[in-house]
Amino acid sequence: MKITFYGQNSLGIEVSGTHLLVDPFISGNPLSKDKIDISSLQADYILLTHAHQDHVLDAEAIAKKTGATIVSNFEIAMYYQERGIKVHPMNHGGSWKFEFGKVKYVIAHHTSSFADGTYGGQPGGFVIEGEHKNIYIAGDTALTMDMKLIPMQTKLDLAILPIGDNFTMGVEDAIIASDFVACDKVLGVHYDTFGFIEIDHSAAKKKFYDADKDLMLLGIGESIEL
Ligand code: NI
Ligand code: MN
């Protein structure tokens, strides 16, 4: 499984020859827009955690160019289906076996509305069980006890957690979340994009290190292999 960071919560995931794109927000991200050309991105599926603009901005354009299927909660799926895009609607606690692996839509504590005010259902995260490697994409969320349910069914190899604070968990809560999901290997996301979520990278890494955990922060376009 190869994971590429495109800024904010945008991720490219290659698993079993399938290309997943998570929360594409690139053309409007001052950190990403000059580095990543959205027309160059491959996508068979676009996974959307919730409807906020910093997660869905480029979803429609990329889905229309690639023919990708949007996977999200029911309300978000219907929003894109009305725009002529293929969708796979899910809701919290539900799993589906795709050809690349199993996806579960899990609880996140946050809000979810489109930029035009349309209701975006309840926000979520994804647990992806693929090719011998399992990951958790928390999406935008507060620290929540529901995270403790995840390791009861899935042994994670990587937890992708927001660390920017203000709108989501900050570093201290993300360290507790890493305990809750029983995964010490964390990829930090949702930081630095706006003034409200700027973080001190070395201080964040040191806090994880002091808790015997590993926080990875990738540059825009940088990848890791699991
Ligand atoms: Ni959000
Ligand atoms: Mn967000």
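Me: In strand β8, which residue is the bridge partner of F98?

Reply: Strands of a sheet pair through backbone hydrogen bonds, either parallel or antiparallel. In this predicted model, F98 has G101 of β8 as its bridge partner. That bridge belongs to the pairing of β7 with β8, which is antiparallel and runs over four bridges.

Me: What is the order of the strands in the open sheet?

Reply: The order is β7-β8-β9-β10-β11-β12-β13, seven strands with mixed pairing. β7 (95-98) and β13 (214-216) are the edge strands; each has a single partner, so one side of each has no neighbour in the sheet. On average, neighbouring strands are turned by 20° against each other, direction ignored.

Me: Is β9 mostly covered or mostly open?

Reply: In a regular strand the side chains alternate between the two faces of the sheet. For β9 (residues 124-130), six of the seven residues are buried, so the strand is mostly covered.

Me: Which residues of helix α2 are buried, and where do they sit around the axis?

Reply: An α-helix has 3.6 residues a turn, so residues three or four places apart point the same way. In α2 (residues 59-66), the buried residues are A59, I62 and A63. Viewed down the axis of α2, the buried residues fall within an arc of 100°, so they line one face of the helix. The face turned away from that side carries the exposed residues K64 and K65. The cover over the buried residues includes β3 (18-22), β4, α1, β5 (69-73) and α3 (74-81). After α2 comes G67, with a positive phi near 75°.

Me: Which residues are the protein donors of the nickel ion (ligand 1), and what is the geometry of the site?

Reply: Ideal angles at a metal are 109.5 degrees for four tetrahedral donors, and 90 or 180 degrees for six octahedral ones. The angles among the four donor atoms run from 90 to 175°, and the site is irregular. Along the sequence, the spacing of the donor residues is H-x1-H-x57-H-x29-D. H50 is in the loop between β4 (45-47) and α1 (53-56), and D140 in the loop between β10 (133-137) and α4 (150-153), so the pair ties together parts 90 residues apart in sequence. H50 counts as buried, at 0% relative accessibility, and D140 is buried with a relative accessible area of 2%.

Me: What about the manganese ion (ligand 2): which protein donors does it have?

Reply: The manganese ion (ligand 2) has D54 (OD), H55 (NE2), D140 (OD) and H190 (NE2) as donors, 2.1 to 2.2 Å away. Their spacing in sequence is D-H-x84-D-x49-H. D54 in helix α1 and H190 in the loop between β12 (185-189) and α6 (201-210) link distant parts of the chain, 136 residues apart. Both D54 and H190 are buried.

Me: Which residue bridges the manganese ion (ligand 2) and the nickel ion (ligand 1)?

Reply: D140 bridges them, and the two ions lie 3.1 Å apart.

Key. Residues numbered from 1 in each chain as written. Chains lettered and ligands numbered in written order. Predicted model: local features only at pLDDT ≥ 70, side-chain atom pairs only at ≥ 80, totals over all residues. Heavy atoms only, no water. Donors = N, O, S within 2.8 Å, 3.2 Å for Na, K, Ca; no water. Tetrahedral: all angles 85-135°; square planar, octahedral: opposite > 155°, others 65-115°. Helix = DSSP H or I, 4+ residues; strand = E, 2+ residues; numbered from the N terminus. Buried < 20%, exposed > 50% of the residue type's maximum accessible area, 1.4 Å probe, protein only. Arc of directions from axis to C-beta. Contact = heavy atoms within 4.5 Å. Pairing = 2+ DSSP bridges. Axes fitted to C-alpha atoms, helices over the stretch in contact; angles between N-to-C directions.
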